[in-house]
Amino acid sequence: MLLKPHLRLARITDLTAAQLARLGVRGLLLDIDNTLSTHNGQTLTDGLSAWLAQMRAQGVGLMLL
């Protein structure tokens with residue numbers, strides 16, 4: 001069950017470092033299109049910059065694809 005989701009959220013910014021820690025996750029691979037921005041869009045999701053900064057500050061590794 002490697003690719004079965006353990007958590008579903010409406011927005012990426014709803015995810016917290018504490019939730020990741022409980023799941024044993026130390027880093028995220030994030031796709032830009034339709035996760036960090038609108039589909040085929042250039043505008044970042046509301047609150048995304050602050051969320052990224054908070055994740056980095058809490059030691060979550062981030063890689064953008």
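Contact here means heavy atoms within 4.5 Å. By that criterion, and leaving aside neighbours within four places in sequence, Gln-19 is in contact with Leu-7, Leu-9 and Asp-14. The structure is a predicted model. The protein chain contains 2 helices and 2 strands, and these follow the pattern α-β-α-β along the sequence. The radius of gyration is 12 Å, close to the 11 Å given by the globule rule for 65 residues, so the protein chain is as compact as a globular protein of that length.

**Overall dimensions and surface**

- Taken along the principal axes, the box filled by the C-alpha atoms of the protein chain is roughly 30 × 30 × 20 Å.
- Of the 65 residues of the protein chain, 22% count as buried.
- The protein chain exposes about 5,100 Å², and carbon and sulfur atoms supply 56% of that area.
- Among contacts in the protein chain with a separation of 6 or more, 55% are between residues 24 or more positions apart.
- The side chains of the protein chain include 6 positive and 4 negative ones, and the centres of these two sets lie 13 Å apart.

**The nonpolar core**

- The largest nonpolar core has 12 residues in all: Ile-12, Leu-15, Ala-17, Leu-20, Leu-28, Leu-30, Leu-36, Leu-48, Trp-51, Leu-52, Met-55 and Val-60.
- Two or more residues of this core are given by each of helix H1 (17-23), strand E1 (27-30) and helix H2 (48-57).
- Helix H2 supplies the largest share of this core, namely 4 residues.
- Leu-15, one of the core residues, is in contact with Leu-7, Leu-9, Leu-20, Leu-28, Trp-51 and Met-55 when neighbours within four places in sequence are left aside.

**Gln-19 in helix H1**

- Gln-19 is found in helix H1.
- The relative accessibility of Gln-19 is 17%, and the cut-off for a buried residue is under 20%; Gln-19 therefore counts as buried.

**The loop between E1 and H2**

- His-39 is found in the loop between E1 and H2, and Thr-45 also has its place in the loop between E1 and H2.
- His-39 has a relative accessible area of 52% and is exposed.
- Not counting residues up to four places away in sequence, His-39 touches Asp-33 and Asn-34.
- Thr-45, at 24% relative accessibility, counts as partly exposed.
- Not counting residues up to four places away in sequence, Thr-45 touches Thr-35, Leu-36 and Ser-37; of these, Leu-36 belongs to the largest nonpolar core.
- Thr-45 and Ala-10 are 35 residues apart along the chain, and their C-alpha atoms are separated by 12 Å.

**The loop between H2 and E2**

- Gly-59 has its place in the loop between H2 and strand E2 (61-64).
- The relative accessibility of Gly-59 is 58%, and exposed residues are those over 50%; Gly-59 therefore counts as exposed.
- Although Gly-59 and Ala-17 are 42 residues apart along the chain, a distance of 8.3 Å separates their C-alpha atoms.
- Ala-17 is itself one of the residues of the largest nonpolar core.

Methods:
Residues are numbered from 1 along each chain as its sequence is written. This is a predicted model: local features need pLDDT of at least 70, side-chain atom pairs count only at pLDDT 80 or more; totals for chains, interfaces and linings use all residues. Side-chain values use heavy atoms; hydrogens and water are left out. The radius of gyration is taken over C-alpha atoms; the globule rule is 2.2 Å times the number of residues to the power 0.38. Buried means under 20% relative accessible area, exposed over 50%, partly exposed in between (1.4 Å probe, protein chains only). Accessible areas come from the Shrake-Rupley method with a 1.4 Å probe; for residues, only the protein chains shown count as cover. Lys and Arg count as positive and Asp and Glu as negative; His and the chain ends are not counted. The place of a charge is taken as NZ of Lys, CZ of Arg, CG of Asp or CD of Glu. A nonpolar core is a set of buried Ala, Val, Leu, Ile, Met, Phe, Trp, Tyr and Cys residues joined through side-chain atoms within 4.5 Å.
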